[in-house]
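This report describes the sheets and the aromatic contacts of one protein model. The sequence and the model come first, and the description follows.

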Amino acid sequence: MATTLGAATAPAMAGTAPATQAATVCPAGWGSVGKTNSASTAGHYVTNARTGRHDCYDRFVIDVPGAPADQLGYSVRYVDQLIQDPTGHRIPVSGGAILEVIVRAPAYDIDSGTPTYPGRAGKLLPGVNLTGYRTFRDAKFAGTFEGQSQFGLGLRARLPFRVLQQAGHLVVDVAHTW
């Protein structure tokens, strides 16, 4: 009982360190040079495109269910304008930089012609709300042509990015800072 009383009467600040928040260590070394994998994603289709916020980066994910990671082809690069393939039409994308993301999978079933992704060329991505994102400013679907689907991400600035191939998903992470 004496120990409890003694502890209760000690000054509140004595022997306590201020609470500190653990520092977030962000990945480094991504760079901003275009990244490509020429693999073919035959027989698999784009079904969704979505975004997510993380401590160090904003994430863009294209879902291609059933596609093995090593067969998920892509091209991701900075462009001055998002130009729709094959029409040559410019699709306006807001932000200080534009990241073009091409996944080598169509957004329709090639046997039936039925769309597998509800996006419309030149329009915002369905279901994507970029409010509160640190890096992403805009996200547009450019269309699908000859077995590949094209997207444009409007970014705050030209920032480093990485591309991850995962089974059924192409992931593009764009850093918040250099």
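Are Phe-141 and Phe-151 buried or exposed? In this predicted model, Phe-141 is buried and Phe-151 is buried as well.

**Aromatic pairs**

Seven aromatic pairs occur in the structure. In one of them, the ring centres of Phe-141 and Phe-151 are 5.1 Å apart and the ring planes meet at 55°, so this pair is classed as tilted. The class follows from the cut-offs, because planes under 30 degrees apart count as stacked and those over 60 as edge-to-face. Phe-141 belongs to strand β9 (residues 136–145) and Phe-151 to strand β10 (residues 148–155), so the contact ties together parts that are ten residues apart in sequence. Both residues also belong to an aromatic cluster, which they form with Phe-60 and Tyr-117.

**The six-stranded sheet**

Strands β9 and β10 run antiparallel and are joined by eight bridges. Within this pairing, Phe-145 stands opposite Gln-148 of β10. The two strands are part of an open sheet of six strands, with antiparallel pairing and the order β1-β4-β7-β10-β9-β8. Its edges are β1 (35–37) and β8 (123–124); each has a single partner strand, so one side of each is left without a neighbour in the sheet.

**The four-stranded sheet**

An open sheet of four strands, also with antiparallel pairing, has the order β2-β3-β12-β11. Here β2 (48–53) and β11 (161–166) are the edge strands, each pairing on one side only. From one strand to the next, the twist averages 15°. Six bridges link β2 to strand β3 (residues 57–63) in the antiparallel sense. Across this pairing, Thr-51 stands opposite Phe-60 of β3. Phe-60 is also one of the residues in the aromatic cluster with Tyr-117, Phe-141 and Phe-151.

**Charges over rings**

Which rings have a charged side chain over them? Two such contacts are listed below.

| Charged residue | Ring | Distance to ring centre |
|---|---|---|
| Lys-35 | Phe-161 | 4.0 Å |
| Arg-53 | Tyr-133 | 5.4 Å |

Lys-35 lies over the face of Phe-161. For Arg-53, the charged end of the side chain sits over the ring of Tyr-133.

Key:
Residues numbered from 1 in each chain as written. Predicted model: local features only at pLDDT ≥ 70, side-chain atom pairs only at ≥ 80, totals over all residues. Heavy atoms only, no water. Phe/Tyr/Trp six-rings, centres within 6.5 Å; stacked < 30°, edge-to-face > 60°. Buried < 20%, exposed > 50% of the residue type's maximum accessible area, 1.4 Å probe, protein only. Lys NZ or Arg CZ within 6 Å of the ring centre and 35° of its normal. Pairing = 2+ DSSP bridges. Axes fitted to C-alpha atoms, helices over the stretch in contact; angles between N-to-C directions.
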